[in-house]
Amino acid sequence: MNDSATHHSATENSTANDMVLRAEHIDVAYEGYGGARPTRAVRDVGFELRRGELLGIAGESGCGKSTLAYAVARCLQPPARLTAGSVIFHARDGGETDLLALEGEALRAFRWNKLSIVFQSAMNALNPVTRVGRQFDDIFRAHRPGMSGPERRERARALLDMVGIDPARIRAYPHELSGGMRQRVVIAMALALEPEVVIMDEPTTALDVVVQREILDEVERLREELGFSVVFITHDLSLLLEISDRLAVMYAGGIVEYGPCERIAAGAGHPYTQGLLRSFPELTGERRALRGIPGSPPDLRGELTGCPFADRCERAFEPCRTVAPRPVPLPGGGYAACHLHDPDHIAAAAGPLHEGSQS
Amino acid sequence: MTALDVTGLTVDFPQPGGRPFRAVDRVSFSLRAGRTLALVGESGSGKSTVVRALSRLVTPTEGEIRLDGARRTRGADYRRAVQMVFQDPFASLNPAHTIGHHLHRPLLAGGKARRGADVQRKAEELLRSVNLTPPADVARKRPHELSGGQRQRVAIARALAPGPQVLLADEPVSMLDVSIRLEILGLLDRLKDERGLALLYVTHDLATARHFSSEVMVMYRGEIVERGPSDEVILAPRHPYTQLLASAATGSGVSREEARAARAARLAARARRDAERREIVVGDGCRFRPRCPLAMDACARRPPEAEVGPGHRALCWLPAGAGTAGSTNSCA
């Protein structure tokens, strides 16, 4: 733990052998043009991913959720730069890898073998001028040089079949497939080398609801079959409440609330999480007065004083604008980085701590 | 009072070397002053084409559009009376012009203001009515200085400038962050009440369609397959397609255990090649037939529009009484 009060670490005590990925104190900055102040997109974030679990990361555009994922997967490109932090990968066989220390051949061998990514928008993730089968081939040629041509083809066909696509489609070009099918292909490619961790960055955002539901069902089924862990990133908190085991909510580069999905669904601790939950009208519930969260997130260039959400928070009180909140453990697991739960400030706050159940 | 009457609207797009593609097929509805009608459907269902036909951006192949009972869709009066709010506020505003300029143009062109102080005052009134304050400062800014939500407010103010009767909002919030979507929808709702606008809300989101509209139409492959009072259509859908949409939506307030059970049921029921099956061309008959879990022989013929409740109709053979009695399942 460092002395910064903005520390948003999502690590909890758990035994080492059920953990697959642990990230601590991650800081990412985007360099400014011509000496402008850098944008500190991710600020001292940590989380841990357990074996076989689905960790949801929710947040709005610009909150740093994709940047965090790219940092963990070592995919950051300039002007983005990882300025601090550590990411440790715990392999199934017990070995530990410091991801941020990997370079060159070791990094290349690690990527996709142990950790793969399903990128946002499958349309752009596939090469439009080569057939789907060729793109599977690339993976195996690079990572499994021992495989013969027929073996590679057989494996690619099996992977397509696994995600519910006719293996004959191995001859198709990406434009011959629908959006949902392309997304399935991209997921099949991410699973090609049987990784232990798959990061999914808004994998269903551009898809229609029915197709989105099919893809989610597919991911859940594959996760049960193959036992990989998933970091699922999306702005759609209502979706994450259905599929995640645990949930992290990001705002202004930090994790403001973290905990088991059930606890957050039953009673979110942070006013931002509560506001986000209110922003999704229920399909079948009672009609109620609907409101979002007025205002917009702070500028991430330079330092933030106090709580970054204070200006939009209807329950902000005296320390919120001056003192950065620390993560306070909540009953039911996890924490919220909010003074409303901090015993040191609690006397000054009026009103009940929890908003009622959202369901 | 009916503001806009649409009867038998059909839009064909020519295809190279083949029959024209029918994007909208015999669609009829009415927009009423002070009411919101939601048009719901997946991408490719034709909902945006309906909006483009109403705003005269594409020419309908067949059908009739009446404004206040009159067929005067060609003149400038129609364009002033029927205004649009587009999906992407990052693309619908000109980056080279100030916000003030975006509002002055339609005010002057529509004869709603005189040059000079008058047009400035009216532009500031519009900005105030969409909660962009202080209006004088906002008017001097350019689009890149505003957030997505603020830009969409400008787009709404611009649509209001000519004093329209009808507002066509095509996915007005799908590009915005979730925390500000409800603010924008709430704003449209308030303006509709204050100004007696007839609002067409086009969306793929069933939940907001239900909350912000009095009636809902569900579109599938160019046809309206179900329509009626919004609570009826969304809480007790009768067309298998609407049932599928409602069951696929997230945030239906179910627990994780319930969601898990529902998923297991879906996976068991879903045919393996479902993802490809939908690509099949249907020809005559019900267009939803290849995906429909309840499809039967009658579905090879075009289904009738069956009355399933007061003002609630579904384009389906099941409620129409074909097949075995009692085989209609109510809510998905």
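Where the chains meet

Mentor: The contact between the chains takes 38 residues from chain B and 41 residues from chain A. Keep in mind that this is a predicted model.
Trainee: Which elements of chain B give two or more residues to the side that touches chain A?
Mentor: They are helices H7 (178–195), H8, H9 (230–235), H10 (240–248), H11 (256–269) and H12 (274–277) of chain B.
Trainee: And which one gives the largest share?
Mentor: H7(B), with 7 residues.
Trainee: How do the residues on that side divide by class?
Mentor: On the side of chain B that touches chain A, 15 are nonpolar, 11 polar and 12 charged.
Trainee: New topic. How is chain B divided into domains?
Mentor: Domain 1 of chain B covers 2–220, and domain 2 of chain B covers 236–320. Their centres, taken over C-alpha atoms, are 30 Å apart.
Trainee: How many residues are in contact between them?
Mentor: In chain B, 4 residues of domain 1 contact 9 residues of domain 2. On the domain 1 side, helix H8 (206–212) and strand E8 (215–220) of chain B each supply at least two residues. By class, that side of domain 1 of chain B has 4 nonpolar residues, no polar ones and no charged ones.
Trainee: What about chain B overall, how many helices and strands?
Mentor: Chain B has 13 helices and 11 strands. Of its 332 residues, 44% are buried.
Trainee: And what share of its contacts join residues at least 24 apart?
Mentor: In chain B it is 62%, counted among contacts between residues at least 6 apart in sequence.

Notes
Residues are numbered from 1 along each chain as its sequence is written. Chains are lettered from A and ligands numbered from 1 in the order in which they are written. This is a predicted model: local features need pLDDT of at least 70, side-chain atom pairs count only at pLDDT 80 or more; totals for chains, interfaces and linings use all residues. Domain bounds come from an automatic or database domain assignment. Two residues are in contact if their C-beta atoms, placed from the backbone, lie within 7 Å. Helices (H or I, at least four residues) and strands (E, at least two) are DSSP runs, numbered from the N terminus. Ala, Val, Leu, Ile, Met, Phe, Trp, Tyr, Cys and Pro count as nonpolar, Asp, Glu, Lys and Arg as charged, and the others, Gly among them, as polar. A residue is buried if 20 or more other C-beta atoms lie within 10 Å of its own, exposed if 12 or fewer, and partly exposed in between; C-beta atoms are placed from the backbone.
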